[in-house]
Amino acid sequence: MTSREIRQSFLDFFKSKQHEIVRSAPVIPAEDPTLLFTNAGMNQFKDVFLGTGKRPYTRAADTQKCIRASGKHNDLEDVGRDTYHHTFFEMLGNWSFGDYYKTDAIAWAWELLTDIWKLPKERLYATVFQDDDEAFELWKTVTDIDPTHIQRHGKKDNFWEMGETGPCGPCSEIHIDLTDDQSGGALVNKGSAEVIEIWNLVFIQYNRNAKGELEPLPAKHVDTGMGFERVVAVMQGKKSNYDSDIFAPLLNSITDLTGVPYTARLESETDIAMRVLADHCRTLSFAIADGATPSNEGRGYVLRRILRRAVRYAKQLGQNEPMLYKLVPTLSEAMGDVFPELLEKQVLIEQVIRAEEESFIQTLDRGIEIFNGIAEKITSTNGSVISGDDAFKLYDTYGFPLDLTALMATEKGLTVDEAGFNQLMLEQKSRARADRKSKHAPTESGAWVRISSGKDSVFKGYKSLSEQATVRLAKLSDETLYLVLDKTPFYAESGGQAGDRGEMVSTAFRFLVSDTQKDGERIVHLVNKILDASTNQEIPMASFSLDRLEKDVRATVDADWRHATATNHTATHLLHAALRLVLGDHVQQKGSLVTAERLRFDFSHFEKPSDEQLAKIESTVNEQVRLATSVKKHVDVAFDDAKKMGALAFFGDKYGERVRVLEIPNFSIEFCGGTHLDNVGQIGLLKIISESSIASGIRRIEAVTGKAAEALFRKEFEEMTELKQLLNVQQDDDVATRVKKLLDERKALEKQLQRLKVDAAQWRMNDVLGMPEHLFGIDIIARELDWIESVDELQGAAEFARQKLKNGAGLLGSVIDGKVSLVAFVSDDVIQSKQLHAGKLIGDVAKVVQGGGGGRAQLATAGGKDPAKLKDAMEKFRELVQAQLN
């Protein structure tokens, strides 16, 4: 049977047992914040097992896309090195939701394997949990398995748990003996490739809570999972999953692309590389098709690690250019009928993978060179461990994930100090957090002084911009007064939205609030100026004391500031939706900044958007603005209900049980706790002012709206008018043509001037060449030329000197823009007769001026940071030449 036929046979069998055949869930489990990837068939039914959800059926079967490359279920290191582990695989499964239980699950599994698929009964073994007497007896009574092939095992092998928490229960596994002489009974659950598990029947009857305790579930369920790749290999008589027809198309394509044949040998390094590429292509393609993208955090970083691992293996096959993306069409053709998302997203998958490959290849060679240098240094001193510092340098500078460094280290018989690496990572993250908090750290400015008792920081700002409030806490630094109120209309910076500004007024004082921040759950108002309420005279902060503070104040937000901030925030939601509409739904928000002046939006995307795409994004936003749609603000919505509404939620974002949802009907719906306009028409206009890359796979757009956009257009119109007058042109289109002509003319003049300067430098070199030193029969020139103004002039002078000195060598130097420039030259006769080499000479000389360089034997260049040592460099050149001539 082909793999297609086997898959369909499984589904048809359970359809005949009244199971609903359901579609595979995405490998990106947006509904479950505890998972990076869907790693088992039951993930999509977790709510049913927990009793929090229902389905219109009690029996189901499917083939589920799974990724295991992180956390507890992580097969990454085994991929390619054995015959049956994969980071992506299909899991054939059947489920009972409070319907049938162990009896039918065991009987049907045996029926399919032995009656339908005709697997040899004498090669099959069943394992049960050590305390599960019921399952043990059922195997003996409802099947005709050899009773000596039923084994009891402990919790490690026969008690299934999805994670640290969640549904769990005892399981019964079916293993097949692939040994030549059927002697594999002792190898069950021993990790042998000759006796492998092909089906796991999980009897879910517990939930493990956060305390690690087992709680009985409301109903008993069955969850089975069969490794599709494994059973196909078994049924096709293959000893390796990679030898089945599932992987054959990919391996054949790899051979076509690399010219390297696949020999199906377990220990062959090229075969290992080919198996890794085939596996990793599948993982990346399915993940990207379901909305994930490589990045530096969460599941995105797992994908980036996998991709960079693949790039390194491709290099072992002689590939120095992107090639992984070229396998995507083969995969889409082979599996697109079962998983149509591969065909629908094929172009996107290719683009994302290719962009990532190109990015990493730029630093891969240098990183490998650095790694090899580190490894050689360690082995030369009989060491065996790559330090955390070195591993972190490879990660931070050259993009090497830790597991890639560990893989390369293993190949050289070394290990990596992972604890040291993790500590450095932790320190880097701590510094980043500290930097983010440094601009507003009210907790570090002294102890809070209690002004009044009671609840504090109740936010009223969604409906009110002014509140009569009571000061609960205060603290005072040299430049800032920090106040916490019982209730406040001021929005504290959160979710990318800047904190409100405004004022608080008491009987005696006006407190000007410059910012509002959060300190834990507290809303802290930062006062940077205090005025006398009656005279409006400023009171120096240094002369103010907290005992003068009155507890009752009127807190009022700057309405213009709030409106401008809300304008940019609502525009950000339009921008996000437009980005997903134009670039694809793989786009996810990766950060934002919303202030009264502008908005900044960071998003995941694999390449620079074209000018046409940016224009489309901008026009899409402005089309929505012109529709003037009313904004719907859904308040106090249950998280699950918000998800059902279609609100966007992304892995890593933290949400409470009750949330706010902002909806722009028929265009955008997102979780958001910020402040917003009532109608998108109030935005007026959005103008994108910049787009850039801020990290691999992360882009940034900055934009202005409303009055700021209007001011930008007015400024640019005035500048264009002035330009037309200066250039004496009538039409806007003529400005670019005229400027281009002027720039071309200037460029031509600069080239002409540079040629004249080089000619002048060469002419002045006649004086220099008239006074050479003579060493061992050759002419030596070592001079500082303080009249040289550019590197081109210096190089031209050196080339002129080399032509004139038929039997000589020289070093010319100059200080240009505060840095040392050096050029060494050696005539052809001296190269041949004395073996002098300009590139080698200048490399040593450059060290004197704290620099480096190199080049050809005839001519070489270098630079340095220490102009004060230029004369020493000239002397060093003389010493080197003399030593070599001796």
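Reader: Let's start with empty space. How is it found?

Author: Rolling a probe the size of a water molecule over the atoms shows where empty space is left. In this predicted model, the count comes to two cavities of 30 Å³ or more.

Reader: What is the volume of the largest cavity, and which residues line the largest cavity?

Author: The volume of the largest cavity is about 60 Å³. Look for Thr83, Tyr84, Leu178, Ala193, Ile196, Arg230, Ala233, Val234, Lys238, Lys239, Ser240 and Asn241, which line the largest cavity.

Reader: Which element gives the largest share of that lining?

Author: Helix 6, residues 228–235, gives the largest share of the lining of the largest cavity, with three residues. Sorted by class, this lining has six nonpolar, three polar and three charged residues.

Reader: And what about the second largest cavity?

Author: The second largest cavity holds about 40 Å³ of space. Its lining is made by Lys633, Arg660, Val661, Leu662, Cys672, Gly674 and His676. Here the largest share, three residues, comes from strand 25, residues 658–664. By class, the lining of the second largest cavity divides into three nonpolar, two polar and two charged residues.

Reader: How many bridges join strand 24 to strand 25?

Author: Five bridges join these two antiparallel strands. To find your place there, look at Ala638, which stands opposite Arg658 in strand 25.

Reader: What is the pairing in the sheet of six strands?

Author: The pairing is mixed in that open sheet, whose order is 29-30-31-32-34-33. Its edge strands are strand 29 (773–775) and strand 33 (851–855), each of which pairs on one side only. Within it, strand 30 (residues 778–784) and strand 31 (residues 808–816) pair in the parallel sense over six bridges.

Reader: Now for helices. How do I describe two that pack together?

Author: Two packed helices are described by the angle between their axes and the distance between the axes. Take helix 8 (residues 269–289) and helix 12 (residues 346–380): they pack at an angle of about 120 degrees, and their axes are 9 Å apart. That makes helix 8 oblique to helix 12. The crossing of helix 8 and helix 12 is right-handed.

Reader: At what angle do helix 8 and helix 9 pack?

Author: Helix 8 and helix 9, residues 298–316, pack at about 150 degrees, with their axes 9 Å apart. Angles over 145 degrees count as roughly antiparallel, and that makes helix 8 roughly antiparallel to helix 9. The crossing of helix 8 and helix 9 is left-handed.

Key
Residues are numbered from 1 along each chain as its sequence is written. This is a predicted model: local features need pLDDT of at least 70, side-chain atom pairs count only at pLDDT 80 or more; totals for chains, interfaces and linings use all residues. Side-chain values use heavy atoms; hydrogens and water are left out. On a 1 Å grid over the protein atoms alone, a cavity is a set of points where a 1.4 Å probe fits but cannot get out, and a pocket is an open set with protein on both sides within 12 Å along at least five of seven lines; lining residues have an atom within 4 Å of a point. Grid points are joined across faces, edges and corners, and a volume is the space filled by probe spheres set on the points. Helices (H or I, at least four residues) and strands (E, at least two) are DSSP runs, numbered from the N terminus. Ala, Val, Leu, Ile, Met, Phe, Trp, Tyr, Cys and Pro count as nonpolar, Asp, Glu, Lys and Arg as charged, and the others, Gly among them, as polar. Two strands pair if DSSP finds at least two bridges between them. Axes are lines fitted to C-alpha atoms, for helices over the stretch in contact, and angles run from 0 to 180 degrees between N-to-C directions. Angles under 35 degrees count as roughly parallel, over 145 as roughly antiparallel, 65 to 115 as roughly perpendicular and the rest as oblique. A crossing is left-handed if the near helix is turned anticlockwise from the far one by less than a right angle, and right-handed if clockwise.
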